[in-house]
Amino acid sequence: AACSMNSEKTADAAPSITFTRDNMPRLDGSTSTVPLALAVCAEVLGESREEVQDLVRFNKTTTAYFNLLEGNADLLIVGEANDEVMARKKELNFEWEKQPFATDAFVFVVNEDNPVDSITVEQARDIYSGKITNWKEVGGPDMRIVVYSRETSSGTYEFFKESVLRHRNYMASILSMPATGAVIQSVSQTPGAIGYVGLAYLGKKNIKPVSISYDGGKNYVAPNFENSKNRTYPVVRPLYFYYDQANEKRIKPYLDYLLSDQGQRMVAETGFIPVK
């Protein structure tokens, strides 16, 4: 299957190129960006999202970076690299290119049967550090809080620890999940659960998003596209493309497409905030 992207020659036009499975770069990245990668592959190849799933087997942020450094991936869709990755990059004298293209928002989700629909960021920190252990402490039912997180090798984990926990330690009994899908499944099946996922995953069955207050409970902000775009909902992180500098000629048509008006519209339709 192939899809030809022809358009008027304007600065923001999608490039005139035929994308095929043979010239697709090997993609890797954060599991939170899988919905976007599936949408991109389906769009450029003219296939369904189900048909392109074999092209989007993402390995989490840190592993994805190592795959790029070791020549096992061509293009990453990820957040920032951690210290371990940067040290390996320096060791290998690897030159990569980095291109911002979207922003992702992180959303606290609970089981849909949980009556709690808003918490303060301080309460969230206390839940994840083990200080608050029962939903009745935040205005909910007398029910133990079951806390789900991502694994330590996940870029989502790194970002969450920095932006929400402010580098405090997670509670000892936290349940670490290998991917965003596993967090959603666990929260949907566990009445007392809480977890965090990317904005693009909202709308899944049996989970609901929680509004957050950053001013001690005076104002609560719902995690939606508009609030994330204008930063009134502040738990957002930039997403980037990373690729080997030596591979630029092969990668550039995809970047041009995703940064075109057409590509950026698709970014927005998938639940991410476009850079344009």
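# Burial, strand pairing and salt bridges

Me: At 35% relative accessibility, how does Glu158 count in this predicted model?

Reply: The model is a predicted one. Buried requires under 20% relative accessible area and exposed requires over 50%. Since Glu158 has 35% relative accessibility, its class is partly exposed.

Me: Which elements give two or more residues to the negative patch?

Reply: Asp83, Glu84, Glu158 and Glu162 form a negative surface patch. Two or more of its residues come from each of helix 3 (83–92) and helix 5 (155–163). Glu158, one of the patch residues, lies in helix 5. The elements asked for are therefore helix 3 and helix 5.

Me: In what sense do strand 5 and strand 9 pair?

Reply: Strand 9 (residues 193–198) is mostly covered, with 6 of its 6 residues buried. The bridge partner of Val107 in strand 9 is Val197. Strand 5 (residues 96–111) and strand 9 are joined over 5 bridges, and the sense of their pairing is antiparallel.

Me: How many residues apart are Glu151 and Lys60, which form a salt bridge?

Reply: The structure holds 8 salt bridges. One of them joins Glu151 and Lys60, with 2.3 Å between the closest N and O atoms. Glu151 is in the loop between strand 7 and helix 5 and Lys60 is in the loop between helix 1 (34–45) and helix 2 (61–69), so the pair links distant parts of the chain. The separation is 91 residues.

Me: Is Lys60 buried or exposed?

Reply: Glu151 has 25% relative accessibility and counts as partly exposed. For Lys60 the relative accessible area is 14%. Buried means under 20%, so the class of Lys60 is buried.

Me: How many residues apart are Arg250 and Asp74?

Reply: Arg250 and Asp74 meet through their side chains in a salt bridge of 3.1 Å, N to O. Arg250 belongs to helix 8 (residues 248–259), while Asp74 is in the loop between helix 2 and strand 4 (75–78). The pair links parts of the chain whose separation is 176 residues.

Me: What is the relative accessibility of Asp74?

Reply: Arg250 is partly exposed, because its relative accessible area is 36%. Asp74 counts as buried, which means that its value must be under 20%. The relative accessibility of Asp74 is 4%.

Me: Which element holds Lys98, which meets Glu80 in a salt bridge?

Reply: The N to O distance between the side chains of Glu80 and Lys98 is 3.3 Å. The two are 18 residues apart, with Glu80 in the loop between strand 4 and helix 3 and Lys98 in strand 5. Glu80 counts as partly exposed at 46% relative accessibility, and Lys98 counts as partly exposed at 38%. The element that holds Lys98 is strand 5.

Me: How far apart in space are Val275 and Gly181, C-alpha to C-alpha?

Reply: Val275 is found in the segment after strand 13 (273–274). With a relative accessible area of 43%, Val275 is partly exposed. Val275 and Gly181 are 94 residues apart in sequence, and their C-alpha to C-alpha distance is 25 Å.

Notes:
Residues numbered from 1 in each chain as written. Predicted model: local features only at pLDDT ≥ 70, side-chain atom pairs only at ≥ 80, totals over all residues. Heavy atoms only, no water. Buried < 20%, exposed > 50% of the residue type's maximum accessible area, 1.4 Å probe, protein only. Helix = DSSP H or I, 4+ residues; strand = E, 2+ residues; numbered from the N terminus. Pairing = 2+ DSSP bridges. Patch = residues over 30% accessible without salt bridge, like charges linked within 9 Å, V, L, I, M, F, W, Y side chains within 5 Å. Areas by Shrake-Rupley, 256 points an atom, 1.4 Å probe, with all protein chains shown as cover. Salt bridge = Lys/Arg side-chain N within 4 Å of Asp/Glu carboxyl O. Lys, Arg positive; Asp, Glu negative; His and termini not counted. Charge placed at Lys NZ, Arg CZ, Asp CG, Glu CD.
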